Amino acid sequence: MGLFSFFKKSDKVVQENTINSNELLGKDSSNSGDNRDVVTKLSFHPDWDVPQEQKYIFNFLANELEPLKPNQLSLSSISVDEDPRSGNWLVRAFFRSSLPEAIELGEIELFIMDKNDELVASKKFDFKALGTIPAESTRPWVFEFEKSTIKVDEVPEEGWKIAFNLVSLREHQLELDPTWEEQLPPAQKEELAKIVKTLPKLGETEVNFTGLQAKFANNGSLNVSIFIRNGHSKAINLEQLPIEIIDAKGKQIAKGSFKMEPVLTVQPNSTKPWTFIFPSQLVNPKGADLSRWTARVTE
């Protein structure tokens, strides 16, 4: 296979991104009390016919690796080159497992971070291509990041690393502001979490505003609770929100712009409920039908 030529005698392991296996596998694989050092053994894909000289290089690199603790998964960064024709990055790394049993993984998003922990590339990979990973083993691989997945113009300098995007692996979740966390009884929190699970799945870069509750107050104001849904792998910060409320008849019954002080932050892959109060002068209640309504962010 052509990938062997990507690993060179001059390569070295530069960074390690290690996680507990339950963060990736979604189940508790912990073995309480077991704190031994696990030395992972080099493992090649069964379809590979590895030349002897290349085996020496792989063994040399693998011997540089620090032991893992039980039930960990790790990406060991080695080197990255840019393909001069395509502009794609060819990222050499070891995928390591200290689990006591073999595993086969599915789709996982990986990040390339520079020395300042700034994101410079991201892409989802199907780890089934790596094959079954034996217990307590190390498998070399080349992860190819197409030019479209790269966010900078140059290959990162020393200190870069390849890492798991754990946010993309967990389920979309409810995020409550501390004030909501303190004031809501447990039953209401559970109900909100259930509603969040029933909402349509967001796109990877989608931000969505979904109506939760709307009611008129005695003073003529309109109190509107909205789910702010963030599909990004990074938090979003909202400083100013221009919002209009459209009722079941398609009529605009309220419109206003809200300055968020402090800035409202919604964590990655999370939904945060928030209440907006439209004062009476911004509300048109005549004939309003709140049996169904929509919140829209205006320009």
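This is a predicted model: local features need pLDDT of at least 70, side-chain atom pairs count only at pLDDT 80 or more; totals for chains, interfaces and linings use all residues.
Residues are numbered from 1 along each chain as its sequence is written, and side-chain values use heavy atoms, with hydrogens and water left out.

Q: Why is Lys 259 called exposed?
A: A residue counts as buried under 20% relative accessible area, as exposed over 50%, and as partly exposed in between, with a 1.4 Å probe and protein chains only. Lys 259 has a relative accessibility of 56%, so it is classed as exposed. This residue lies in strand β13, residues 252-266, where a strand is a DSSP run of E with at least two residues, a helix is a run of H or I with at least four, and both are numbered from the N terminus.

Q: What is Lys 259 in contact with, leaving aside its neighbours within four places in sequence?
A: Contact means heavy atoms within 4.5 Å, and with those neighbours set aside Lys 259 is in contact with Glu 239 and Gln 240.

Q: What makes strand β7 largely enclosed by the rest of the structure?
A: Strand β7 covers residues 137-145, and eight of its nine residues are buried, so the rest of the structure largely encloses it.

Q: How do you know that β4 and β7 pair?
A: Two strands pair if DSSP finds at least two bridges between them. Strand β4 (residues 89-97) and β7 are joined by nine bridges in the antiparallel sense, and Leu 90 stands opposite Glu 144 in β7. Strand β2 (residues 41-42) is joined to β7 by two bridges and runs parallel to it, with Thr 138 in β7 as the bridge partner of Leu 42.

Q: In what order do the three strands of the open sheet stand?
A: The order is β6-β5-β8, with antiparallel pairing. Strands β6 (119-126) and β8 (161-164) are the edge strands, each of which pairs on one side only. Between β5 (residues 107-113) and β8 there are four bridges, and Leu 110 has Phe 164 in β8 as its bridge partner.

Q: Which residues touch the most other members of the largest nonpolar core?
A: A nonpolar core is a set of buried Ala, Val, Leu, Ile, Met, Phe, Trp, Tyr and Cys residues joined through side-chain atoms within 4.5 Å. The largest one has 38 residues, of which Phe 95, Leu 110, Phe 143, Phe 145 and Ile 162 touch the most other members. Strand β4 gives the most to this core, with five residues. Apart from it lies another core of 22 residues, including Leu 241 and Trp 293.

Q: Why does the salt bridge of Glu 146 and Lys 123 tie together separate parts?
A: A salt bridge needs a side-chain nitrogen of Lys or Arg within 4 Å of a carboxyl oxygen of Asp or Glu, and for Glu 146 and Lys 123 the N to O distance is 2.9 Å. Glu 146 lies in the loop between β7 and β8 and Lys 123 in strand β6, so the pair ties together parts that are 23 residues apart in sequence.

Q: Are Glu 146 and Lys 123 buried or partly exposed?
A: Glu 146 counts as partly exposed because its relative accessibility is 29%, whereas Lys 123, with a relative accessible area of 18%, is buried.
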